[in-house]
Amino acid sequence: MELPIPLRQGVERLLEKVPLPTLKQAAKTLSDRYRAELRDGRLHMAEEMAVKAYLATRLPATYAAVRASLDAVSEARPDYAPKTLLDVGAGPGTVLWAALDLWPDLEQAVLIEASAAVRRVGEALATEAMTARIAWLAGDVTIDLADLKPAELVSCAYVLDEIGPASLPKLIDRLWHLTDDTLLVVEPGTPAGWQRILAVRRHLIEAGAHVLAPCPHEAPCPLAAPDWCHFSRRVARSRLHRLAKDADVPWEDEKFIYVAASRQAVAPPQARVIAPPKSGSGKVLLKLCEKDGSAGERLLTKRDGDVFRLARRLDWGDSAGE
C-alpha cells in the first residue's frame, strides 16, 4: 500500500535538500525513542529534523497500518462514510490522508497535535491537496480535549505508547464521548501495544460500544501470552528510506494492532484470520479468531470444495465467512 501521490510528492519536496548524514542520525534517534517507548516528558518529534526523519522512515508504514484499519471499518460498515473527523495525536496528518483516500467526501477535520514542528509540516503537506476544511490545534491529548466538538469518526493512532497507563481510562472516556459514530485506535503490533488495545477494548465495551473490528466477538480475547494479536502490512521502501536506515531490503513489514468501535451494532463476521495462512498442496491452515469467542487453527482441504477455494484467497487480517 503506497502513499497517495500528492502526499508522496509533498514529502519528497520537504526532504530533497536534507543532508543524508543529518537525516540518518535523526532517524536513529527517533527509532531508538520509539523502540524504548520512552515517556520522559519530551515529544518524540519536537524538532523539525525529527519530523523529517519520520516522513522518510515511518510515514509509509504508519499510513499503511491506518489505511488497513480503516478498510476494516469500511468492510464492517459498507454504508459508513463519515463527513467529520477528529484525530487526536495527529502527527503530520496520517489518518486524515488515509480517511480522505477512502472517503473523499469527508468535509471537515480537526487535528490535535502537541508538536508545533509536526503541525507546521502537516499543514504544509495538506495545503494544496485537500478540499476538506482542516483545523490544526495545539494540545496535549491527556488534558486538552475539553472544548472539542464530537465527530463522526474519531481516531487515535500510534499515540498511547507515549502516555502513562494511568491516563488511559480518562482519555478513552473522553474520546468515546466525542465519538458520534466510530472510534478507531491503532497501536504498534507489539505485545505491549496489544495489551494497550485490550485495555481500550475492555473500556469501550463497558461503556456500551460495539466492536466493529478486528474482533468478531465482544468476549474476552482468547489469546494468551506469549501469543498476541497483531497484523502486518508490507511497505515498499523508497531509495531515501533505505539510505536513511542503512537497509538492504527494499521493503519492510509494519506490524500493528487496532480496535474500531461504533455506536451502531453490526453483524460480525464469522471469524478473523489472525496469522499468516499456511498453504500446501491441496490444503490451507488458517489461524482464526471465531465469532463464539474462541481462537484456533482450522485445516481446509480440496474436499471442502468452495470453502477451501475461498480460504485459499484469505490473507492475514481478513474477515472470513462460514
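User: What are the ground rules on numbering and confidence here?
Analyst: Residues are numbered from 1 along each chain as its sequence is written. The model is predicted, with local features needing pLDDT of at least 70 and side-chain atom pairs counting only at pLDDT 80 or more, while totals for chains, interfaces and linings use all residues.

User: Which residues of helix α7 are buried?
Analyst: In α7 (residues 168-177), they are Leu 168, Leu 171, Ile 172, Leu 175 and Trp 176. Buried means under 20% relative accessible area, exposed over 50%, partly exposed in between (1.4 Å probe, protein chains only). Helices here are DSSP runs (H or I, at least four residues), as are strands (E, at least two), numbered from the N terminus.

User: And what is on the face turned away from the buried side of α7?
Analyst: Lys 170 and His 177, both exposed.

User: What covers the buried residues of α7?
Analyst: The cover includes β1 (84-88), β4 (151-157), β5 (179-188), α8 (191-206) and β8 (251-262). Contact means heavy atoms within 4.5 Å.

User: Switching to α1, which residues are buried there?
Analyst: Leu 7, Gly 10, Val 11 and Leu 15, in a helix spanning residues 5-15.

User: Why do they line one face?
Analyst: Seen down the axis of α1, the buried residues fall within an arc of 125 degrees, so they line one face of the helix. The arc is that of the directions from the helix axis to the C-beta atoms.

User: What covers them?
Analyst: Among the elements covering the buried residues of α1 are α3 (48-57), α4 (59-76), α5 (94-102), α6 (116-126) and α9 (239-244).

Technical notes. Side-chain values use heavy atoms; hydrogens and water are left out.
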